[in-house]
Structure formats: structure tokens, C-alpha cells
Amino acid sequence: MQNPSIVLYGPGSAKLEDKPVPEIVDGHDVIVRIAFVGVCGSDVHFWNHGGIGKHVDLTAGIVMGHEASGTISSIGPAVTCVSVGDRVAIEPGVPCRFCSYCRSGSYHLCKDMRFAAAPGPPDTQGTLCKYFKVAEDFVYKVGDEMSLEETVLVEPTSVAVHAVKLADVRAGETVVVMGSGTIGLLCAAVARAFGAYRIILVDILDTKLEFAKLFLGCETFKPSTTASAEENASSLRSSLNLSSTCIDTVIEASGAAASIETGINVLRPGGKYVQTGMGKPKIEFPIGMISEKELMVRGCFRYGAGDYELAVSLLTRAIINVKPLISSTTRFEEATEAWKKTARGEGIKNLIRGVDD
Amino acid sequence: MSSATTTATDTNPAFVLRAIKDVAFENRPIPQLRDPHDVRVHIAQTGICGSDVHYWQRGRIGDFILSSPIILGHESSGTVVDVGSSVTNLKVGDRVAIEPGVPCRRCDYCRAGDYNLCNDTIFAATPPWDGTLAKYYTVASDYCYKIPDHMDMEEAAMVEPVSVAVQICKVADVRANQTIVVFGAGPIGVLSQAVAKASGAKKVIAVDISQARLDFAKSYAADETFLPPQAEQGEDPVAHSEKTAKMIKEQFGLGEGADVVLECTGAEPCIQAGINVARKGGTYVQAGMGKENVVFPITTACIRALTIKGSIRYSVGCYPNAVHLVATGKVDVKRLITNRFKFEEAEKAFELVKAAQEGVFKVVIEGVQ
């Protein structure tokens, strides 16, 4: 095979197939030899349901994967940022560059965004392959001291950077992160890098909170699944000696309705809330409290201008150590095992190794 | 490519700056579409800017140095005659205002939305790039803005300086109910005054050393005008600027000072007076270009916690806003055009702008028919 690829055809149905090796057409494109691909909650959703919103075409299938690292194997004639052999993190979504969003610095909101493993039409193939083509300004060099396994984590770290920037976390703040999965842990780590003074991670699972304490040395809180949001918020504050005017920022990284409501309750008047977790599309929401407490509430989607650069810097300078988040590595041919493992809640970040030589 | 309205015998006369003070008409090849996003425009009208005259007379502005011939002109309007295969916002026959600076779209500035800061911008008539004073000009389609039927081609050419004024007010973050002092009542000054009024400013004060220009500014958009007294013999120039600022504050009841100062002259005494006329915590925007280094009241800027920003060209949203301001009549650009020339008279037009007579305001050159 020239370009072995993992193709999803529908729920529970994936095949290893050969695909054409991508060719450089635009002078600014590069081809990356994929080293490692991470598994995300969205991959699990695709494996179980065949898509999120738009579903995979059952006859054509789609190459999966969007969190990837690799080495540059060829470059277009206009490329100046990277050379063949460079080790890179891949930003898996290339925008159109011509629309008003692209021109105004919000390329991540581009209507014609081509995001890896996103069904269309037009479909955009993902990174679970041997060779992946992408624009030169969407790959980021990493130093030799960073492994290509860790480099996969640049993608979720960029999600965290985007959330923390939207939350406008400043030095000295008290920040609560709801949900202690990969994204929640990284949001907490980035918030600390931005100068937050107290960081509290919230989750309903003891194992996740134990890990958070070890990984970050942060404070934690376990809400009751039977108490109301108001009661949980009150418990959180009193157990951590925080008054109702202390918590500046909440980053919601679980998407769970109860967690969302608790997050709004826990904030001080004038506080800031960013929704990065994705759960049920419609929920019951304490809209009255938004007004009474004059909260800033923002949505957060993927990552935009400057986020990947900052994520690479945080990892390269070892301000955030992502090694403890890597729980397993699975052979390319057994990629679906990695998805199933993640689906069972085993491990934090499970990796799939790229195609062997 | 799709239907082009140029023929095999078509020519492309161009007004070329060959070297400092050396201009000539040349027949240049008709520019071809470079990629599927390009359009070719038959130029209708072109305004002349101080920067065009500066390249002609001095051959450089900052690091942009004339080292080979360039076609002049960058404030233009025209009709689309050819569109690339990926163009969706325009079709052949559309009348457009042209934004003359197209950035690279890939660098950190472009990706962050600050495309006016892109180092690889292709800017018409900034060396080494050719400008718009030719029969045809090609440009990326998203840098061409369709104008409504009731707007004429002269007004469309004026969209460029209006966009400069829109950018100045955007950088200054002009808000409703502010007091604004604008130094300079030339085209950029009066347009900045007009855009400030359109943004809801409470009071706009124009400052200039020409009474005639102030009279026009008062009839145009300014609420008040101010003619600074001349410095007395032997008077320290900095002290004179401070006095000027004090007089402005007192005469117009500005209290601690103006919320916003727009400096549209680049003249050292105006820069000094501008810093002194801003209120504590106010905003000062440098738009005018004069001496590269000046004596600057830096301690005043510090003690009074001023925000000082530079404004260059135009960025996201400026051109569409400018088209809207002209189309709705909120900014009347026709009144600024004092002299009109045919394409063949382009050199005369440049000489007129260079002579800087008081009655000459905005000069436009018609395109090749």
C-alpha cells in the first residue's frame, strides 16, 4: 500500500484501506508523514454514531483522525516556514482565507473551513493515514527535545489556550474548571500559565480528581449528583473557603447540564464563563442569573489565530508537561481498539502510532 | 476565463513614474488574471494623494524606495471586465471601488485580522508594485467592493480616503458623545471629522493654519474651528504648543481636554498641541505623516495616562463602512473634488497637487476611455 488509511464507514464500521498519496498542488502546501494520532471524544462519537451533526457518507467513508504529529516529507515551491525532515504539530483545519471571518482574524469560524475528518460535502479526509497534505502555515515546528507523542497533545492544548484566552484569565484570578478530562486538565494548566492564583477542578469521578491533584497540584471538588446546582455551588465555595465574590472565571469543559448550571451559580457577580465542553445541544439554563450577576458568557470553538503557537511554546518550554496524559499507544492497524478503549473510559489520551515503514 | 471584454487590439496606456521627477505615458501589457480569485477592472477615476506626489518628487517614503519604474495611482474606481473562476462576489459589468492593498493571507498578521500590517502586501503604486493609473488593473475580488447604482465613479474613487478616515476613527475607538479635536483640515482631516460625526461624536473641532480650509471644514462636518495664533518672535515652540492647547480647551469648554485627538497633519507643533489638548486617559491617534522624528511631550503622555496609537491605511470592515457612508450621503465626497483631468493630462494633475494652492483640494484623473 502507498498511503494506508483508516476509513470509517458508519457506526462500528471501519477499514484499513489504501488511498492515493496526496500531491502538492498549491505552492504553499506541505506533505507530512504522520507519526502519531490522538483519540478525541469526538472520534468516539463518530465510532458509535457515525458523526456529529453531519454524518459520514456510508459508501464513501471518511479517513478519521485530527490530532496529529509527524515529519515533513515534501514541500511546495513557495514554502519558506519549514523544510523536509522538520518535526511538526499539525493544525488540522485550513480556512478559505477570502471570507470576512478569515480576513478579520476569526479564521476558525470560516464557513468553508476544511477540517480533518469532517464530513461535508465536501468531505475533508483526516490524519489517520501515512501522508497528509496541509498548508505550511498550519504546521508548527517542535524542538528535538519534544517527542512526537507529546506533539499530538498540542492540538488539545490549543483548545485549552483558546478557552483560557476567551475567558480572559488574568494574573491573580480564582478559576474553576468543570470537568477533569483532557481538556479540563489542560485548561487548568493553561490558566495557571496565565497567572491564575487558585485553580479548582471539578468532576464527579474520584479517579479523575486524584489524577488532577497529582498532575497539577490544584484544588478539587466533587459535587453531589443528587444535590441542586445552587447547593453544589454553595458546597464548593464553603469547602474551599471562598465567598460569593471570589470566583472570577469558570471554564466549562464537560458539557453536562448539571455542571453548566453549577458553573453559573459558582461565579461572582461580574464573573466570566466560557463553554468549551459539548454535551446535549439544548438544556435548561439559569438565564436569570446571567442578568442578575452581569456575567460574561462566551462560546468557545476549536482554536484560532495564535493558539497553536502559544500551545507549542507552553509544551516546548515545559511549562506544561503532557507526558502523564498519554495513557497508551496502539498500532495503526488496530486503530479501532484505541477508539474502543477511549469509549470505555480507559486512559486519558490514547494514541495511535502512524504507519510503520 | 469567463467572458472578457477586451479585444485582441486593446492597449493598456499607463502613467509611469520612471525615476524621481520623471513621469511618462507608456503602453503596458494588459494585466492578466493571476489566479482564480482575481478580477480585472477597467479604471474609471483615480484620485491623487500626497503620497503619490511624494514618490514622484522624493522617490521614497520610509523603507519603500523607488528602484524601478512603477505605474502611479491607488485611489480608484472602475468596471469589472473579467473574473476568475472562483469569484462569487462580482460579475463582469459590476462597478466597484478598489481597495489597493492586498495582503498575503498567510502570515501571523493576516491570520490575526491585522492585514494592514502584512509585510508582503501588494500595494498599488508603492514601490515595487504598479498602481491603478492605467486602462486596466487586476486585483483580488475580495478587495473590490460593488457600489450602488446611484453612486458615481468619482464618489467610488473617493472611497479610498474615506476608508483611511474610517480606520483612523476605528483605531481611536470613537464612541458616541465624545469630544474630538482634529488637527488638519485637508482631505484626510475633514473626512476624519465627517466620520467622527457619523460615529455620534458630540463635538468635533477642526484645527488648521489656513482660515479658508477652516471655513470649508465648518461648512462640511466640523462643529467648531480653531486658527492657532502664530508663535511670537523668540517664543519657545514647545511653550507655544502648550499655549495653543490651553486656548483650545478654554475656548470650547473642553474642561480637562478632548476625549480623542486625531492628528492629521504630521506637523510638529500640531503633534505637541495634540498631546496637550487630550484629557487625562484620553486617546491620541497619529495619522498624519511629516518629520520622522519630532520633539514629543512624552512626560505629559505619561502623567496624563494617554493612549497613543498609530493609524495606517485601512483594515477589516473599513471599505464596506466607507461605501455605506458615501452611499447614504452621511459623507459627501463630491464637495471635496475641486479639479478634474483627462488621463492624458495626468502630469498636469500631479503638478497642480504639488503646487498646493489653497483652492485645490482633491484632484481626480479620468481613466482611459
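How many salt bridges are there between chain A and chain B? I get six salt bridges for that pair, a salt bridge being a side-chain nitrogen of Lys or Arg within 4 Å of a carboxyl oxygen of Asp or Glu.

Ground rules before I go on. This is a predicted model, where local features need pLDDT of at least 70, side-chain atom pairs count only at pLDDT 80 or more, and totals for chains, interfaces and linings use all residues. Residues are numbered from 1 along each chain as its sequence is written, chains are lettered from A and ligands numbered from 1 in the order in which they are written, and side-chain values use heavy atoms, with hydrogens and water left out.

**Entry 1: the interface.** I looked up one salt bridge, Asp137(A) with Arg106(B), and its closest N and O atoms are 3.8 Å apart. On chain A, the side touching chain B has seven nonpolar, three polar and six charged residues. My classes: Ala, Val, Leu, Ile, Met, Phe, Trp, Tyr, Cys and Pro are nonpolar, Asp, Glu, Lys and Arg are charged, and the others, Gly among them, are polar.

The contact (heavy atoms within 4.5 Å) takes 16 residues from chain A and 14 residues from chain B. Together the two chains bury about 1300 Å², 47% of it on carbon and sulfur atoms. Buried area here is the accessible area (1.4 Å probe) that two parts lose on being put together, summed over both. Arg97(A), Phe98(A) and Arg103(A) supply 56% of what chain A buries against chain B, more than any other three residues.

**Entry 2: cavities.** Rolling a probe the size of a water molecule over the atoms shows where empty space is left. A cavity is a set of points, on a 1 Å grid over the protein atoms alone, where a 1.4 Å probe fits but cannot get out; lining residues have an atom within 4 Å of a point. Points are joined across faces, edges and corners, and the volume is the space filled by probe spheres set on them.

I count three cavities of 30 Å³ or more. The largest is about 110 Å³, and its lining includes Arg97(A) and Arg103(A) from chain A, plus Arg105(B) and Tyr143(B) from chain B. Helix H2 (100-103) of chain A and helix H2 (108-111) of chain B each give two or more residues to that lining; helices are DSSP runs of H or I, at least four residues, and strands are runs of E, at least two, numbered from the N terminus.

The second largest cavity is about 70 Å³. Among its lining residues I noted Glu99(B), Phe123(B) and Arg313(B).

Entry 3: Most residues other than glycine have a negative phi, and most peptide bonds are trans. Still, the bond from Gly120(A) to Pro121(A) is cis, with omega near 10°. Pro121(A) sits in the loop between strand E10 (114-115) and strand E11 (131-135) of chain A. In chain B, the peptide bond from Pro127(B) to Pro128(B) is cis, with omega near 10°.

Note on methods: On a 1 Å grid over the protein atoms alone, a cavity is a set of points where a 1.4 Å probe fits but cannot get out, and a pocket is an open set with protein on both sides within 12 Å along at least five of seven lines; lining residues have an atom within 4 Å of a point.
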